[in-house]
Amino acid sequence: ISGTVFNAETDEVIPNALISFKDIKGDKETIFITTDEQGNYELALQPNWDLFIKAQKAKYFGDASNISTTGLTESQHFLQDFFLTPIPMGELEIPGIEYDFDKATLRPKPKEILDKLIEFLTLNDNIVIEIRAHTDARGNDEYNLRLSQQRAQSVVDYLIKGGITKERLQAVGKGETEPLDDCSKYEACGDTGKDDCDCHQKNRRTAFKTLSEDFKDVFKGN
């Protein structure tokens, strides 16, 4: 197997990225290699290997794939490239996270979205994140802050239930303190901000922010 590791945003090659080859059956030790100055890697495979392959580099989110030589009767050359996304400095919105009105209860559809976040955090098992919930500007400031904290915690609770270590998660309610837009300037929103509009919906959001990349699970040894 051979391939190249790229920056997913610029298509530039990434040298010295770590590639790990983990035996899915658990019979063999994990193999680690690094990409060369051109971002390339290569490994000779053996028969009857079922491998989970992960590429990672500091300041990037990881990428992964599965390769199997089980059942092959002749030699084959696998080509597998990886694309790593740079970790942003700010927050990343989790689109589609909605709650019942005036409550912190997650609706069924957002849970499907959070299941994908669980997969992402399982792959990137070295990062610690902050779940940030925001409200629009309607209502009492203190109440909005408290409601957003409860909403952020409901997301964290769901992620923990899905198998993510609680030490990797922090819930932070931002209330209406960090709006993406000033809704009072839009007629559809009303001068007092009492009417709902696209601006209010944009400000009501849930996001995550990467806090660190050096989490180690002492129970798993990683």
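**Chat about the disulfides and overall build**

Modeller: Hi! This is a predicted model, and the structure holds 2 disulfides.

Biologist: Nice. Which cysteine is joined to C183?

Modeller: That would be C199, with an S to S distance of 2.1 Å. C183 sits in the loop between strand 11 (169-175) and helix 3 (198-203), while C199 is in helix 3, 16 residues apart, so the pair links distant parts of the chain.

Biologist: Is C183 buried or exposed?

Modeller: C183 is buried, at a relative accessible area of 7%, and C199 is buried too, at 6%.

Biologist: And where is the other bridge, what pairs with C189?

Modeller: C189 pairs with C197, their sulfur atoms 1.8 Å apart. Both of these cysteines are buried.

Biologist: Why is the C189 and C197 disulfide called right-handed?

Modeller: Because the torsion about its S-S bond is about 90°. For C183 and C199 the torsion is about -90°, so that disulfide is left-handed.

Biologist: What pattern do the disulfides follow along the chain?

Modeller: Counting bonded cysteines along the chain, the pattern is 1-4, 2-3.

Biologist: Switching topic: how many helices and strands are there?

Modeller: The chain has 3 helices and 12 strands.

Biologist: And what is the radius of gyration of the chain?

Modeller: The chain has 22 Å, whereas a compact globule of 222 residues would have a value near 17 Å. The C-alpha trace spans about 70 × 35 × 30 Å along its principal axes.

Biologist: Last one, how much of the chain is buried?

Modeller: Buried residues make up 40% of the 222.

Conventions: Residues are numbered from 1 along each chain as its sequence is written. This is a predicted model: local features need pLDDT of at least 70, side-chain atom pairs count only at pLDDT 80 or more; totals for chains, interfaces and linings use all residues. Side-chain values use heavy atoms; hydrogens and water are left out. Helices (H or I, at least four residues) and strands (E, at least two) are DSSP runs, numbered from the N terminus. The radius of gyration is taken over C-alpha atoms; the globule rule is 2.2 Å times the number of residues to the power 0.38. Buried means under 20% relative accessible area, exposed over 50%, partly exposed in between (1.4 Å probe, protein chains only). A disulfide is a pair of cysteine sulfur atoms within 2.5 Å.
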